[in-house]
Amino acid sequence: MRLTFPNGEHPDVALAGERVTLGRAADNRVVLDMAGIAARQALIASEHGGTWLCLVGEEARAHVNARAVHRLALLRPGDTVTLAGVRMLLQGDVDTAETTAEPAPAERLAGLRHVLRGVAGPHFGRCYSLEAPRILGRGGGADIRLPDPAIGERHVAIELVGREVRLRALGAEPCLVNGQPVRTARLRVGDQVAIEQHRFVLEGPPHAPGAATLAPEALDELPLPEVVREPDPVPRRCEPVGMAWWLLLAAALLGGAITALLVYAPRFSG
């Protein structure tokens, strides 16, 4: 996987298991000397079975696929990372090999275990199973409608063929798979398909390869020394309670005296 800069702010950077720092300081792996970028803004590390974006410092800000990042985010091939207006694209490998395998009825049932999950755009959070071929496009006949004039009426087809999930462009324009433009591809669990602002990730069984997870408690084990961790909360100072009890008692006595005055004073006066 590699980090590319569509607007040319920096040459491409290979993410071959190394930790990559980003910021204005000259000792960063990716130097971005521009307004809004801190001396050390973020770090990208391949740890714990995935690629992670970790923000450095409490004031650091970043977005992944136009969604704000809070300290840590799992990155997938095809994701767009934005730091103070600098847009970066993660490009991964794409399997474009041709295959002649024909679908088998028993095997096609495996499509029930594979879904397309929306991760950006109007379909965010929705899942679409692949028990039948899915057509993505802006037309009314598309299975997954993408209302955008830049998208064809029948833009791309995704279907299960044999034991493989295949993508095939139906119009003149390709789509992005893991950040690379393709017309045909064999999709693997974790691959990301992007059509304009719409993004989908292929998900499969929990044991399928490519599903990286990180338990919240594992964050402290992530060896990122540049991360500014939140300080432990300062214990609250115990206040003396004796004075509080005296004040409560005095208030109670005063209230009783006022009540007695209001109740019994008329009788004494008569």
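Guide: A polar contact is a pair of N or O atoms within 3.5 Å; within protein, one must be able to donate a hydrogen and the other to accept it, and residues adjacent in sequence count only if both atoms are side-chain atoms. The model is predicted: local features need pLDDT of at least 70, side-chain atom pairs count only at pLDDT 80 or more, and totals for chains, interfaces and linings use all residues. Residues are numbered from 1 along each chain as its sequence is written, and side-chain values use heavy atoms, with hydrogens and water left out.

Visitor: What makes the side chains of Q91 and R2 a polar contact?
Guide: The side chain of Q91 lies 2.9 Å from that of R2, and the limit is within 3.5 Å. The side chain of Q91 also reaches the backbone oxygen of G179, at 3.1 Å.

Visitor: Why is Q91 called buried?
Guide: Its relative accessibility is 13%. Buried means under 20% relative accessible area, exposed over 50%, and partly exposed in between (1.4 Å probe, protein chains only); Q91 therefore counts as buried.

Visitor: Which residues does Q91 touch, not counting those up to four places away in sequence?
Guide: Q91 touches M1, R2, T4, N178, G179 and Q180, where contact means heavy atoms within 4.5 Å.
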